[in-house]
Amino acid sequence: MRKILLVGNPNVGKSVLFSRLTGVHATASNYPGTTISYTQGFLKLGEEKVEVIDVPGTYTLEPTSEAEEIALQMLDTGDIVIDVVNATNMERSLYLTLQLLEKGTPVIVALNLWDDTKHRGIDIDLDKLREFLGVPVIPTVAVSGEGIKDLVEHIPKATSPDAPVRTRDERWATIGSIIDQVQHIEHRHHTWLERLQDASVKPLPGGMIAVVVLICAFLVIRFIGESLIGYVLDPLFNNLWAPVVIWLSNLMGGSGFLHDIVVGTVAGGEVNFVESFGLLTSGLYVPFAMVLPYIISFYLVLGLLEDVGYLPRLAVLMDTVMHWLGLHGYAIIPTLLGLGCNVPAVLATRILESKRERFIASTLVAIAVPCAALQAMIFGLVGERGGQYVAIVYGTLFVVWVILGIILNHAVKGFSPELLIEIPPYRLPPWRIVLQKLWMRVYGFLAEAIPIILGAIVVINMLYSLRVFDAIASFTAPVVTGLLGLPKEAVTSLIIGFLRKDVALGMLAPLALTAKQLVVASVVLAMFFPCIATFVVLLRELGVVYLLKSAGVMILAALVTGGMLNLIL
Amino acid sequence: MPHRDLITLTRMQTGQSGQVAEIRGGFGMVDRLNALGIIPGKRITKISSMFARGPVAIEVDRGQVAIGYGMANKIIIQLDQIR
Ligand SMILES: Nc1nc2c(ncn2[C@@H]2O[C@H](COP(=O)(O)OP(=O)(O)O)[C@@H](O)[C@H]2O)c(=O)[nH]1
Ligand SMILES: [Mg+2]
């Protein structure tokens, strides 16, 4: 089967174009570097079925990073290249185009972001550009689909114009003369969006904007999450589902091993969805009514921030702070992703240049950045006791993140490279794109979490009835009770935390902990060990040796922090 | 051109424009900057710099690029006007 490669600079719309061509949804974000592992799909060209690959963004075929290395390797396997060029910044895109033309693979140029040229007063003479490049040039607007049909029709006309191999200087000179003759720019006044753009990377206004953005993000996440729980999911479970559960419980005789696995403990005709620990009670209530609402609200807000293009600006503002932690500003992106789920966060550390940075960043994420599932439970269970306790949990994790980062920065050999990123313009993302991405992420959560949550519930019930937990509890009592001040049964939660942190925190609910104990337990649970999914990607990304180091740091940090909280509070 | 017009990117003032005169760095650094269109002769405008040796943001080819302090310190700019 013939292979078509989508090649271009980061953030020029390759992923959106890809999903237009193939119907497969690749994640699109308004910051460079998200497509590090590639996505593939298929396209019908008349009778022929061809493979389409979304290649990681690259500026040049003289690779300067791992992603560009991958892009270069993939290029040799392609039959046709669709070179996605940023119509609003041809100067930067054409360098890669010239290199592609030199390679001899047939090329067709998609001049994307065509809609943006009009706003920006950019006029491009398409015929002249075609003449210069010697290949088809099709203007496209990936987000609206404009020009896509044209592009597909022209794919068979992709040609290899036998361009001479040029030196670097010659390429830049060629670009200069192409731009001079093809592009005309009308000077306009800055739009308010552009002014906001500049302001948000200046120290003072930028700092204020960041604070406002983050506070708003938090409030919106809270509001949407709570509303979904309070007005939709709780009523559904309490009014519709609870009677079904009671009926089933009666049908199954009200007790017994199987009854407990399926329905859990139902006391006095009342269902406690959090504490009963049956497949049909906690097994559904925890993922759907406690966690899902926050997954939806978190990823909606994160997706908006991504697609508007705010995150690279946050990276610039945070650069100095991140250097204390042995990282540079761009590491704020995996960190924020970690607030959703640690798995994609660890994967996203690949945007950092060195192994050292990746080790520090992923260790910090695994320890001090609680995922949305865990946070939802913290809000649900700790929040019940008062907002100040939630604040203590978050405050502690933040302090741990900073202190541990500083320690790791000094302890791990090497240095932190410098920040060097393109700051994309602010764009108002179409809702379709935002919602599509949200759906992909929510679906991803459901597909991954539900089986593990249900599995965890079965395991918990079995371990209880086999009295395994009792044995472990007595064994670990010195640490759990002595050091952390928790009842010895709390260890069950820490163990289950290896499967799912949300379920694990739910297991603390029946233990009647004091608010202080709940705080200690939440912090330790968050830090102690990553869930199995995160563990697996850490292993894959870091290798065994670094994973063991990372795990050692986690256990130590969790015990020290938990012990200190127990003493202080 | 008189020598005093040359200045590092970090010492340039916000809002000032100039041309990249020289990049005093190793090949790796020069390559990465070139990839973003920062090559000798290119016109740039400084948009901002963060305090405490934070990154510098510049406008180049109508796009914006943020450059870490250490790297920005090795980029020499020829200022537009003699100040
Ligand atoms: N206005 C406009 N925005 C676009 C267009 N194509 C992509 N985008 C937006 O540009 C951003 C980057 O797109 P993406 O596909 O992730 O770029 P990639 O890094 O090349 O894969 C996203 O926020 C898209 O919604 C376009 O043709 N017009
Ligand atoms: Mg992409």
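How far does a backbone N or O atom of Gly13(A) lie from an oxygen atom of ligand 1? The distance is 3.0 Å. This is a predicted model, in which local features need pLDDT of at least 70, side-chain atom pairs count only at pLDDT 80 or more, and totals for chains, interfaces and linings use all residues. Residues are numbered from 1 along each chain as its sequence is written, chains are lettered from A and ligands numbered from 1 in the order in which they are written, and side-chain values use heavy atoms, with hydrogens and water left out.

Begin at the ligand. There are 19 residues around ligand 1, a residue being near a molecule if one of its heavy atoms lies within 4 Å of it. Those that come nearest are Asn11(A), Lys14(A), Ser15(A), Asp115(A) and Ala142(A). Ser15(A) has a polar side-chain atom 2.7 Å from an oxygen atom of ligand 1. For Asn112(A), a polar side-chain atom lies 3.1 Å from a nitrogen atom of the ligand.

Now turn to the two chains. In chain B, 33 residues are in contact (heavy atoms within 4.5 Å) with 31 residues of chain A. Together the chains bury about 2800 Å², 57% of it on carbon and sulfur atoms; buried area is the accessible area (1.4 Å probe) that two parts lose on being put together, summed over both. On the side of chain B, Arg32(B), Arg62(B) and Gln64(B) lose the most area to chain A, together 27% of what that side buries.

The rule finds three salt bridges across this interface, each a side-chain nitrogen of Lys or Arg within 4 Å of a carboxyl oxygen of Asp or Glu. Arg168(A) forms a salt bridge with Asp31(B), and their closest N and O atoms are 2.8 Å apart. Helix 1 (27-35) of chain B is one of the elements that supply at least two residues to the side touching chain A, and this helix gives the most, with six residues. Helices (H or I, at least four residues) and strands (E, at least two) are DSSP runs, numbered from the N terminus.

Strand 9 (residues 420-423) of chain A and strand 5 of chain B run antiparallel, joined by four bridges; two strands pair if DSSP finds at least two bridges between them. Here Glu422(A) has Val65(B) as its bridge partner.

Within chain B, strand 2 (residues 17-23) runs antiparallel to strand 3, with three bridges, and Gln19(B) stands opposite Arg43(B). Strand 2 of chain B is also joined to strand 6 (residues 75-79) by five bridges, again antiparallel. In that pairing, Ile23(B) has Ile75(B) as its partner.

Technical notes:
Polar contact = N/O pair within 3.5 Å; in protein donor to acceptor, adjacent residues only side chain to side chain.
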